[in-house]
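Me: Got a model open here. Can you walk me through a few local details?

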Amino acid sequence: MYGQPSGTACPTMARVMVLTEEEHRPLYSVGQAAAMLETRRRFLHRLDRYGVVSPRRTPGGHRRYSAYEIGRIRRVIELADEGVTLAGIRHIMGLEKRIRELEAQLDAAWDRVIQLERRPMIPRMRRERIPPI
């Protein structure tokens, strides 16, 4: 499901989640998603209306959920069970997304540092200080 990007040998990149096309493919109808999540269809509609989860639409306007969105809804249900409001959930999920982005940037910066440390040192010419007269 999630994996390390190809060509990355650095263990710091293990945190980066790589989503495949399959995980974003809209497969599940509202009824199927509700059954999988053991929740009501109205709850899923409300999540869409509040912008917490935005499923894709068929040409006929029906909602279709991907595996990625199902995972997000599971997180929403977890937060809602703890008593967090939908507005709070939307804010929390936005902050969690920002944290993941910043962690990915940090990992990329560390990878760059490691690359630079592995390069052979190029001797630099130094000027000798001329003593004052």
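Predicted model: local features only at pLDDT ≥ 70, side-chain atom pairs only at ≥ 80, totals over all residues.

Me: Where does Glu 38 sit?

Reply: Glu 38 is in the loop between α1 (30-37) and α2 (41-49).

Me: And is Glu 38 buried or exposed?

Reply: Exposed. The relative accessible area of Glu 38 is 75%.

Me: New topic: Arg 63. Which strand is it in?

Reply: Arg 63 belongs to strand β2, residues 63-64.

Me: Buried or exposed, that Arg 63?

Reply: Arg 63 counts as buried, because its relative accessible area is 18% and the cut-off for buried is under 20%.

Me: What does the side chain of Arg 63 make a polar contact with?

Reply: The side chain of Asp 48, at 2.7 Å.

Me: Which residues does Arg 63 touch, leaving out those up to four places away in sequence?

Reply: Asp 48 is on that list too, along with Tyr 28, Ser 29, Val 30, His 45, Pro 55, Arg 56 and Arg 57.

Me: Now the surface. Which residues form a nonpolar patch?

Reply: Leu 106, Trp 110 and Val 113. Together they have about 280 Å² of accessible area.

Me: Where does Leu 106 lie, and how exposed is it?

Reply: Leu 106 lies in helix α4, residues 86-118. Leu 106 is partly exposed, with a relative accessible area of 45%.

Notes: Residues numbered from 1 in each chain as written. Heavy atoms only, no water. Helix = DSSP H or I, 4+ residues; strand = E, 2+ residues; numbered from the N terminus. Buried < 20%, exposed > 50% of the residue type's maximum accessible area, 1.4 Å probe, protein only. Patch = residues over 30% accessible without salt bridge, like charges linked within 9 Å, V, L, I, M, F, W, Y side chains within 5 Å. Areas by Shrake-Rupley, 256 points an atom, 1.4 Å probe, with all protein chains shown as cover. Salt bridge = Lys/Arg side-chain N within 4 Å of Asp/Glu carboxyl O. Polar contact = N/O pair within 3.5 Å; in protein donor to acceptor, adjacent residues only side chain to side chain. Contact = heavy atoms within 4.5 Å.
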